[in-house]
Amino acid sequence: MASVPSLASTVNQRLADALSAALPDAAPADPLLRRSDRADFQANGILALAKKAKANPRELATEVLGKLPADDATIKEIEVSGPGFLNISVSDRAIVETLAARAADDRLGVAYNDDAGTTVIDYAQPNVAKEMHVGHLRSAVIGAAMAEVLEFTGEKVVRRHHIGDWGTQFGMLIQYLLEHPSELDHGDAADGEVDGEQAMSSLNRIYKASRVLFDSDEEFKARARDRVVALQAGEPQTLALWQRFVDESKIYFYSVFNKLDMEIADADIVGESGYNAMLEETCRILEDSGVAVRSEGALCVFFDDVKGPDGNPTPLIVKKSNGGYGYAATDLSAIRNRVGDLKASTLLYVVDVRQSLHFKMVFETARRAGWLTDDVLAHQLGFGTVLGKDGKPFKTREGETVRLIDLLDEAVERATTVVREKNNEKINLSESEIVTNGADIGIGAVKYADLSTSAARDYKFDLDQMVSLNGDTSVYSQYAYARGRSILRDAGDRKPVAHPELELAPAERALGLHLDQFGEVVAEAGASYEPHKLAAYVYQLSSLFTTFYSECPVIKPAPPLEVAENRLFLCDLTTRTIHRAMALLGIRTPERL
């Protein structure tokens, strides 16, 4: 089914046509329509047009009114206000008919672009043989939501998890495992199955023991450095042990992502090592083309606008003076692969905002080399820091980085307690439902707290607020969804049916107009890479729905049949919209709460 035009877009087009008729010699103009508390919409664009045409804005606004079709069924009332604004109210019939068209579509009328491009999105990038901490949360949550939103609007999305699986630290780890070969064995694993905690426990133990040895034993340090050379040369035994570390880490990664209710496909994990074969060629092309030059033995790219504190240029180091490759070589090789082989039209990097300078230099280098053309957009979706309640970077009481798995477990535990306390004879949740709902609410709370904040901003991690039924939380919207589903279950023989002939109550109009914005909000969140706009939309929708069912009886006291059916129709469309919006954000909506 084709997308359903919103009432805002319909009214905007009517006004644009009337403006063109009133000013036939002027270029097509935007009426600048927006929602208003004085009417349903307000158009502000006439003031600027009047100034340009040297006309009186109120007179021009009045002339525009005269150019509107007299028999327009969409616009109920329109008036000139102030210096030349237009206040527009749409008809109740237009609201219900538009919502009925949305309800008839599985996609709720959201546009799907068949000609969209290919976006490679780089997110959720943990490091091999290291625990995931709270700092890994934002890339995973924001990236997963953006992937869902972009796919829903028609973009072909290729997910890439650029894990840290290469580097000098592996010489130390592999050498230690060679000398202590049983350290990655799991004799305590039931049926030979290793869980994430067991895998991470072994990796932690090896990392700590090898680090102590590396720092205290010069002979071991020398052997570890030789092992780095063997790894880079592709020596079979060394590579096999390196692969064991990668495989063991993946067991752990998958356990954490599973807890986050996030699916990570093995084929999408292409770490630093995946570009090793391209590094030398990348450096050669850069040097041969003159994009990179030798400086103090290193291969560097310089920029006129990037200087250090001393005023000297700060280069992007592609290859170090000792022959080792910098992160830039890997990132540039990844761009070559993603544009050349994966045919990406957009590269989206969900990484810490503190890496902005690095990616600015990488993107500029790729453009100079011709790997990023005018047809390809490279964009860093930079995110801020997770803070504690004290406004400082989130740490444990001992000052250590918070383990992500501990944070998620605590969120689920808190949420499960809330669900159990709210359970009563009317709701009558089973223990299994309490546990499932606790997980859905706890993980949803963590995700929503992240997604409801503009990505570039820091945010405070406050579990007490996150699992609250009040305020801008995922639980508030989950409860609104469950309440709507409960109303529909209790409706008996009455069914959701749209009745355009009815006059709407104020709460029904407000809810209906907001429901009609869903498609535009999804499109805007995708186009601007701002999932917080979708989070804000679903919170306001939940709030309007709460007002609606408190002011407009649906079941008791029983309204007339047509009114009840129309209100059930609004309940049904609202719950479907909340469910779809939350799913795009990666959050589940329990049927009963």
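I take accessible areas from the Shrake-Rupley method with a 1.4 Å probe, and for residues only the protein chains shown count as cover. On that basis the protein chain exposes about 27500 Å², and carbon and sulfur atoms supply 49% of this area.

Notes on the source. The model is predicted, so local features need pLDDT of at least 70 and side-chain atom pairs count only at pLDDT 80 or more, while totals for chains, interfaces and linings use all residues. Residues are numbered from 1 along each chain as its sequence is written, and side-chain values use heavy atoms, with hydrogens and water left out.

Overall layout. I looked up the extent of the C-alpha trace: about 90 × 70 × 45 Å along its principal axes. I found 20 helices and 13 strands, taken as DSSP runs (helices H or I, at least four residues; strands E, at least two). Of 593 residues, 51% count as buried, that is, under 20% relative accessible area. For contacts (heavy atoms within 4.5 Å), I noted that residues 24 or more positions apart account for 73% of those with a separation of 6 or more.

Cysteines. I checked for disulfides, meaning pairs of cysteine sulfur atoms within 2.5 Å, and the count is zero. The closest cysteine sulfur to that of C283 is in C300, 11 Å away, which is too far for a bond. C300 is likewise in no disulfide. C283 is buried at a relative accessible area of 3%, and C300 is buried at 4%.

Charges. I have 65 positive side chains and 89 negative ones, with Lys and Arg as positive, Asp and Glu as negative, and His and the chain ends not counted. Placing each charge at NZ of Lys, CZ of Arg, CG of Asp or CD of Glu, I get centres of the two sets 3 Å apart.

Notes: Buried means under 20% relative accessible area, exposed over 50%, partly exposed in between (1.4 Å probe, protein chains only).
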